[in-house]
Amino acid sequence: MKLRMLTLTTAACLVTAYPALAKVSPEEAAKLGKELTPVGAERAGNAAGTIPEWTPAEQRGALKGEFPSDPKIEAQQPLFTINAQNVGEYEASLTEGHKELMRRYPDTYKMKVYPTVRNVNLPERIQQETIKNATRAELEGVDNPRGAYLGFPFPIPKSGAEPIWNHRTKWRGNELIRYNNQMIVQQDGRFKVTKIVEDVKFYYANLELENPPELKPGVDFLRYLSATVAPPRVAGTYILVHEKAGFGAEGRAAWLYAPVLKRIRRAPAVCCDNPYEGTDGHQFYDQVDLYNGVLERFSWKLIGKREVYIPYNSYKIGKPPTTYEDIASPNHVNPELPRYELHRVWVVESVNKEDQRHTFAKRTIYLDEDSWNVVAIDNYDHEGKIMQFQEGHLVFNHNVLAASTSPEVIYHFNSGRYFTTAMMNEDQPYDQTVSFTDSHFEPNTVQKKASK
């Protein structure tokens with residue numbers, strides 16, 4: 001299958017030594033809400049009829065105590081299964097990571113494919129502000145967006161960095177508590193669980209703020225506080241992040257509280273390919289939420305769109321009665337649990353700059369066209385070999401009209417282990433009823449909380 005290439009445009013002017021991408025023309029932006037959905041996806045299905053027209057779901061459910069679910073979708077049966085024996089028939093619509101799993105584990109790995117359902121919806125105000133952003137937002141370099149408010153900043157992207165900004169600033173609710181369980185799974189299926197509780201307040205995509213901020217360098221677009229509660233060897237660790245656009249002094253501000261030191265301190269290492277605390281090196285900071293953090297270490301290219309089998313409406317793997325033991329099979333997650341569907345995805349390629357250090361030489365990133373969530377990433381080493389594969393099991397949260405990925409998996413091909421995160425099966429679903437003060441996310445507050 002051929003990739004449909006997109007034309008890239010750049011403005012002739014330079015702003016602070018970075019080229020500023022031209023805003024979308026009014027004529028092109030007028031497609032939003034018509035042949036394009038309000039957030040930039042193609043409204044129509046594909047010619048083959050294997051991808052349907054976008055049909056947004058209605059809001060329902062409580063903001064606390066309910067796991068994402070859709071009984072009608074969950075009752076469907078798979079159409080077919082992709083495995084090592086028939087992978088050649090489908091390889092044009094597979095990520096390199098999925099093909100690598102087929103090659104490595106031909107006797108056990110498979111992908112059960114279900115009918116495609118496109119029902120991701122978003123609050124009306126997020127949709128309308130996204131349409132406005134098309135002609136008012138711009139990007140200087142790769143880390144300096146400006147002129148966007150509330151919605152996705154770049155619904156009709158013209159550069160590789162723009163879809164990543166859509167992912168990083170996507171609507172997820174106003175504030176939430178997330179119970180994030182993680183596990184490192186050995187080749188024989190043995191695993192240990194780390195339990196983390198995360199408090200998050202969104203400033204950019206927040207419908208409760210009277211004057212939501214502009215997305216620009218130096219301004220918080222979210223604040224995050226994680227507390228590790230188990231196992232005992234890492235319990236009591238806190239990570240505090242004020243997430244901002246930009247880099248250096250304008251960008252992310254982070255702090256770490258380590259129980260052994262009994263004090264909170266600035267943590268510039270909460271960035272890039274430094275290992276996240278407590279993951280034993282199995283997740284980098286820029287792999288949280290599949291991708292987050294600065295873009296400056298890479299050159300970004302918008303490849304175009306493809307039709308790809310991705311984890312979608314994958315409710316079964318992320319909620320009870322499925323347990324962590326059910327998920328943790330040897331070499332890869334239990335293939336009976338995920339649901340895969342054929343969807344159009346944006347494909348972005350990032351290449352490590354020669355003068356910037358990073359473990360990965362190249363990433364190929366796949367983003368769902370309807371939600372702008374990153375759903376898969378092929379990560380390559382500096383010898384050109386695929387080193388890791390990330391996939392996020394996308395579900396639609398009817399209660400807040402937002403899509404999210406749970407769980408997220410990182411396959412380590414060099415060791416044979418894999419890491420799962422964003423699991424809540426044996427804990428609690430998101431609590432979207434909370435309300436945090438700004439001071440909740442200040443270092444002094446965290447110090448007092450941790451010292452009790």
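The chain has 54 positive and 57 negative side chains, and 2 Å separates the centres of the two sets. The model is a predicted one.

Q: What makes the radius of gyration of the chain agree with that of a compact globule?
A: A compact globule of 452 residues would have a radius of gyration near 22 Å, and the chain has 21 Å, so the value agrees with the rule. Along its principal axes, the C-alpha trace spans about 60 × 55 × 50 Å.

Q: How many helices and strands does the secondary structure of the chain come to?
A: There are 7 helices and 21 strands.

Q: What share of the residues in the chain is buried?
A: Of the 452 residues, 61% are buried. To count as buried, a residue must have under 20% relative accessible area. The accessible surface of the chain is about 18100 Å², and carbon and sulfur atoms account for 51% of that surface.

Q: Among contacts between residues at least 6 apart in sequence, what percentage join residues at least 24 apart?
A: The share is 66%. Leucine 295 and valine 142 give a case of distance in sequence: they are 153 residues apart along the chain, yet their C-alpha atoms are 6.1 Å apart in space.

Q: Why is leucine 295 called buried?
A: Buried means under 20% relative accessible area. Leucine 295 has 0%, so leucine 295 is buried. The residue lies in the loop between β14 (263–266) and β15 (298–311).

Q: Which residues is leucine 295 in contact with, leaving aside its neighbours within four places in sequence?
A: The contacts are Val142, Asp143, Ala161, Ile164, Trp165, Arg168 and Trp300. A contact requires heavy atoms within 4.5 Å.

Q: How do you know that the buried residues of α7 line one face of the helix?
A: The buried residues of α7 (residues 443–451) are Pro443, Val446, Gln447 and Ala450. Seen down the helix axis, they fall within an arc of 105°, so they line one face. An α-helix has 3.6 residues a turn, so residues three or four places apart point the same way.

Q: What lies on the other side of α7, and what covers its buried residues?
A: Asn444 and Lys448 are exposed on the other side. The cover over the buried residues includes β11 (220–230), β12 (238–244), β13 (253–258) and β14.

Q: What is the omega of the peptide bond from proline 320 to proline 321, and is the bond cis or trans?
A: Omega is near 5°, and the bond is cis. Proline 321 sits in the loop between β15 and α6 (324–327). Another cis bond runs from serine 406 to proline 407, with omega near 0°. Proline 407 is placed in strand β20 (residues 402–412). Most peptide bonds are trans.

Q: Is the phi of asparagine 331 positive or negative?
A: Phi of asparagine 331 is near 75°, a positive value in a residue other than glycine. Asparagine 331 is in the loop between α6 and β16 (340–352). Most residues other than glycine have a negative phi.

Q: What is the phi of tryptophan 372, and why is tryptophan 372 called buried?
A: Phi of tryptophan 372 is near 65°, again positive in a residue other than glycine. Tryptophan 372 has a relative accessible area of 0%, so tryptophan 372 is buried. Its place is the loop between β17 (362–368) and β18 (374–380).

Conventions: Residues numbered from 1 in each chain as written. Predicted model: local features only at pLDDT ≥ 70, side-chain atom pairs only at ≥ 80, totals over all residues. Heavy atoms only, no water. Helix = DSSP H or I, 4+ residues; strand = E, 2+ residues; numbered from the N terminus. Rg over C-alpha atoms; globule rule 2.2 N^0.38 Å. Buried < 20%, exposed > 50% of the residue type's maximum accessible area, 1.4 Å probe, protein only. Areas by Shrake-Rupley, 256 points an atom, 1.4 Å probe, with all protein chains shown as cover. Lys, Arg positive; Asp, Glu negative; His and termini not counted. Charge placed at Lys NZ, Arg CZ, Asp CG, Glu CD. Arc of directions from axis to C-beta.
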